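I opened this notebook to record what I looked up in the structure, entry by entry.

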Amino acid sequence: MFSTLPNRLTLLRVLLVPVFLLLLFSPSPLLKLVSGAVFGIASATDYYDGYLARRMGHTSRWGRFLDPLADKILTSAAFISFGVLGIVPWWMVVVILGRDILITAIRSYAEFLDQPLKTSYSAKIKTFVQLGLQVYLLALVILAAQPGIPTVAASARRLLMSPVNWFLLLTVTLFTAWTGLSYLVSDWPTVRAVWAHLSGRRLPAPESRRP
């Protein structure tokens, strides 16, 4: 399963998550700074594992299953951390994580049924926007914890709790929810097939049309 380099990078992304969390919640400003580097490395593997898999011809069902799962583990850990720190309201965390977990579960099971969902353009934008938001919030958290630069730290704390920041979070949350609904609507036949398989029901065969 992890004999190829792309899959090893995917596994590395998962293993870096607890390291990122331990460093982020450390009382040391320096270790918080290192957590940003760890998050950056983990995020970079999300690009390189797919790129290398395509270039080296190592694409596989396991890789297509593990890659989005590892991505959601990393992003979920980041958003939950921001919720614990009081930066992101918990209802937003629940909406974002609920959408991502639901769609990832459907995608993974659809892959198992050999009926993969197509990644929409809006979903790709959502991933980019979420990552940008996480990097932005993480940078503010790290800067706010640096006692050696009190002016910058104070400005970072104000930005974290500003109304502008709240509206930015709301926009990303609503956009994330919209992309989830868009997935369910555009790929409804596949979603229906997944639900039927899970519930043990057979979908009715389409009626033949008379000439």
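The entries below concern salt bridges, a helix and a nonpolar core in a predicted model.

**Entry 1: salt bridges.** I searched the whole structure for salt bridges and found three. I noted one between the side chains of Asp 71 and Lys 72, at 3.3 Å from N to O. Asp 71 and Lys 72 are both buried.

Entry 2: I then turned to Asp 100, which lies in helix α4, residues 90-112. Asp 100 forms a salt bridge with Arg 99, and the closest N and O atoms are 2.9 Å apart. Arg 99 and Asp 100 are both buried. Asp 100 also meets Lys 126 in a salt bridge through their side chains, at 3.3 Å from N to O. That pair links distant parts of the chain, since Lys 126 belongs to helix α5 and Asp 100 to helix α4, 26 residues apart. I recorded Arg 99, Asp 100 and Lys 126 as linked in a network of salt bridges.

Entry 3: Why does Asp 100 count as buried? I checked its relative accessibility, which is 2%, and the cut-off for buried is under 20%. Lys 126 counts as buried because its relative accessibility is 3%.

**Entry 4: surroundings of Asp 100.** Leaving aside residues up to four places away in sequence, I listed Lys 72, Lys 126, Gln 130 and Thr 176 as touching Asp 100.

**Entry 5: helix α1.** I compared the span of helix α1 (residues 5-24) with expectation: at 1.5 Å a residue its 20 residues should span 28 Å, and the end C-alpha atoms are 28 Å apart, so the two agree. I also found a kink of about 30 degrees at Leu 16, shortly before the proline Pro 18. Leu 16 is buried, and other buried residues of α1 include Arg 13, Val 17 and Phe 20.

**Entry 6: the nonpolar core.** The largest nonpolar core has 31 residues, and I noted Phe 79, Phe 82, Ile 87, Val 88, Leu 137, Leu 138 and Leu 160 as those with the most contacts inside it. Among the elements giving two or more residues to this core are α1, α4 and α7 (163-186). Which element gives the most to this core? I found α5, with seven residues.

Key: Residues are numbered from 1 along each chain as its sequence is written. This is a predicted model: local features need pLDDT of at least 70, side-chain atom pairs count only at pLDDT 80 or more; totals for chains, interfaces and linings use all residues. Side-chain values use heavy atoms; hydrogens and water are left out. Helices (H or I, at least four residues) and strands (E, at least two) are DSSP runs, numbered from the N terminus. Buried means under 20% relative accessible area, exposed over 50%, partly exposed in between (1.4 Å probe, protein chains only). Contact means heavy atoms within 4.5 Å. The expected span of a helix is 1.5 Å times one less than its number of residues. The bend at a residue is the angle between axes fitted to the seven residues ending there and the seven starting there. A nonpolar core is a set of buried Ala, Val, Leu, Ile, Met, Phe, Trp, Tyr and Cys residues joined through side-chain atoms within 4.5 Å. A salt bridge is a side-chain nitrogen of Lys or Arg within 4 Å of a carboxyl oxygen of Asp or Glu.
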